[in-house]
Amino acid sequence: MATGIVQVVFPVLLLLSFLVAASSGFDPEKTRCVIECRGTSERGAGRGQERGEEAEGERRENNPYYFGERSYEHWSGSEHGRFKVLERFSRRSELLIGIENYRLAIMEAEPETFIMPSHWDAEEVFYVMEGRGTITLLHEENRESHEIKRGDIMRIPAGVIVYAINKAKNERLRIAMLLHPISTPGHFEEFFGAAGSNPESFYNSFSNGVLEAAFNTPRDRLERLFERQRKGEIIKITEEQIKALSETTGFGGGRPFAQSNEPYNLLQKRPSHSNEYGELYEARSSDYRRLQDLDVDVSVANISERSMMAPSYNSRATKLAMVVEGRGHFEMVCPRRSGEARGSEDATEPEGQQRDRYRAVRSQVSRGSVFVIPPGHPVTAVAAANENLQVLCFGIRAGRNRKYYLAGKNNVMNELDREAKQLSFGAPAEEVQEVFDAQPESVFLPGPGRRQGESKRRQPSVESLFGFRGF
C-alpha cells in the first residue's frame, strides 16, 4: 500500500516542482542541459570521438596501447595550420592510468605563418619534426627568441607566453608536444591574451569596469582593440613581417633571463647506436638540463627499410612513441589479465602444463600514430619494405631508467652463466649460446623481410630452444 502511494505521489510532486520553477522564471530544460553538460572535458573532447571509438572498438579493446588518427581531438584548424591533441590515456584503458597526467599534441603551421601568442597551464617539451622557424618567449622584464629547426628539443615552462613564425617559403613547420598539466590531472587549456574574437582574448571575459580601470582606457577603444583580430590562431604573414619578427634572436627588452630556454638539437648529437640498419639519438637530462625536473627524456630512432630494433624493455620509463615519418609495425608482449587466458583459469590442466601467460599485441603504424610502451614490456619496431621508419619517443619517469636488449650482440641474456642457461632453457648451454651468438648486430637488426630475402647460412633452431613460434 505504501509503495503504491509513493509511486503516485512522486510524479505529482515532480510535476509541481517544475511548474513552480517555471513560474519563477526558472528554465528546467536549460537546467537539465547544464547538468548533462557538466563534467565535459576540455574543448572538443569527445566530439566525433564516439564515431571513432565505434570504428576502432575491437582494436581498442584488444590493444589499448595503439592510438591512430581518430584518437586525436582537433582543437583548431584552417588553411594556414592546425592543432590536434591526443585523447587522454586513462580514457582508453585503466592500464594507462599511470600516465593520465601527460598529453601528446601536434602543431602544424603552413609556410610563412604566424602562431598567435598564448600560454598553457601545463609544462611542455616539444620536438621539431619538420621545418624551421623562430620562437619567442615572454618573461616579466624581457623576451627571448630562438631559431628552431628539425631535431630541436625545447622546454616551455607553464604560464610562459609563447609565439612563433614559420619563416620557410615551401616547408611546413611540424612540432610534437608532450604536455604535463599542473592543475587538473590530464586536463590543460590554452589561454590567448593578445588576440581578438578569433581566437577569443581572455580579456573579453572581464567586466567593462575592470578593463577600463586596469588599462585606464575608455570602453569603446578597448572593444575595438579586443575584437579586431578574427583570422584564427595561425595566420598568413608577409615577407616583411617575417623579416621584422626574425631580426631579434637571443634576449630583448630588459635584463637577461636567469635561465635560458635555448633549444637542444638532438640530431646534431653523435648517435648512441648506429649501423646500416638504423640510428638511435638520445637526449637525457645530462644532455639537456631543462629536462631534469620533469624526469623526461627524448629519443629518435631511424630504422632503415625492412630493418628492426632489437626486442628490448625499459626498467622504469613508460615510452610514448610517435611515428614521425614512414610506415611499419610494433609488436609488444603483454601479460594476460584475468579473463584473457585461453580457457578457464579454474579448469583442471594437465600436470606440468600452464595457461598462456603472455599475449602479443601488434599494430601497423604510420605518420602520427602513437604507441605506448609500459615499463617491463618487451617490444620491437619493424620498418616496412621500401620505406624507413622514424620514431620519436618521450620517456616518462626516465631518470633511473635502464634499457635491456633481448637479442643481438648486447643481449642481456648473454650475462647468464653456463649453468643458468642450461637450467633455464632445458637445453645444453652450448646450444643456447649458439643461438645467442648467431646475431652479430646490436640494437638495429635485419628485419624479417630483409632476412628472408638474403641468403642465410645454416642457423640454430630458435623454435627448438624457446618452444614457440614467437609473435
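This is a working chat about a predicted model of one protein chain.

Colleague: Quick overview first. How many helices and strands are in the secondary structure of the chain?
Modeller: Twelve helices and 28 strands. Keep in mind that the model is predicted.

Colleague: What share of the residues is buried?
Modeller: Buried residues are 45% of the 471 in the chain.

Colleague: What share of the contacts links residues 24 or more positions apart?
Modeller: 77%, counted among contacts with a separation of 6 or more.

Colleague: Which residues is Ile153 in contact with, leaving aside neighbours within four places?
Modeller: Val125, Phe126, Tyr127, Pro263, Tyr264, Leu266, Ala283, Tyr288 and Val298. Take Ala283 from that list. Ile153 and Ala283 are 130 residues apart in sequence. Their C-alpha atoms are 8.9 Å apart in space.

Colleague: Sheets now. What is the strand order in the seven-strand open sheet?
Modeller: β1-β24-β21-β26-β18-β17-β16, with antiparallel pairing.

Colleague: Which strands are at the edges?
Modeller: β1 (66-67) and β16 (273-275). Each of them pairs on one side only.

Colleague: Over how many bridges do β18 and β26 pair?
Modeller: Eight, in the antiparallel sense. β18 covers residues 296-303. One of the partner pairs is Asn302 with Gln390 of β26.

Colleague: Let's move to β5. How many of its residues are buried?
Modeller: Eight of its eight. The strand spans residues 113-120.

Colleague: Which way does β5 run against β10, parallel or antiparallel?
Modeller: Antiparallel, over four bridges. β10 is residues 161-166. Phe114 has Ile165 of β10 as its bridge partner.

Colleague: How many bridges join β5 to β13?
Modeller: Three, and those strands run antiparallel. β13 is residues 234-236. Thr113 sits opposite Lys236 there.

Colleague: And how many join β5 to β12?
Modeller: Two, also in an antiparallel arrangement. His119 stands opposite Phe191 of β12.

Colleague: Phe191 again, then. Which residues form the nonpolar surface patch with Phe191?
Modeller: Phe202, Phe206 and Val210. Together with Phe191 they have about 330 Å² of accessible area.

Colleague: Where is Phe206 found?
Modeller: In the loop between β12 (190-191) and α6 (208-215).

Colleague: Why does Phe206 count as partly exposed?
Modeller: Because its relative accessibility is 45%. Partly exposed covers the range between the buried cut-off, under 20%, and the exposed one, over 50%.

Colleague: What about Asn386, what is its phi?
Modeller: About 65°, positive again in a residue that is not a glycine. Asn386 is in the loop between β25 (379-383) and β26 (389-396). With a relative accessible area of 71%, Asn386 is exposed.

Colleague: Last topic, helix α10. Which of its residues are buried?
Modeller: Ala429, Val432, Val435 and Phe436, in a helix of residues 429-437.

Colleague: Why are they on the same side of α10?
Modeller: Because they cover an arc of only 125° around the axis. The general rule fits here. An α-helix has 3.6 residues a turn, so residues three or four places apart point the same way.

Terms used:
Residues numbered from 1 in each chain as written. Predicted model: local features only at pLDDT ≥ 70, side-chain atom pairs only at ≥ 80, totals over all residues. Heavy atoms only, no water. Patch = residues over 30% accessible without salt bridge, like charges linked within 9 Å, V, L, I, M, F, W, Y side chains within 5 Å. Areas by Shrake-Rupley, 256 points an atom, 1.4 Å probe, with all protein chains shown as cover. Salt bridge = Lys/Arg side-chain N within 4 Å of Asp/Glu carboxyl O. Buried < 20%, exposed > 50% of the residue type's maximum accessible area, 1.4 Å probe, protein only. Contact = heavy atoms within 4.5 Å. Arc of directions from axis to C-beta. Pairing = 2+ DSSP bridges.
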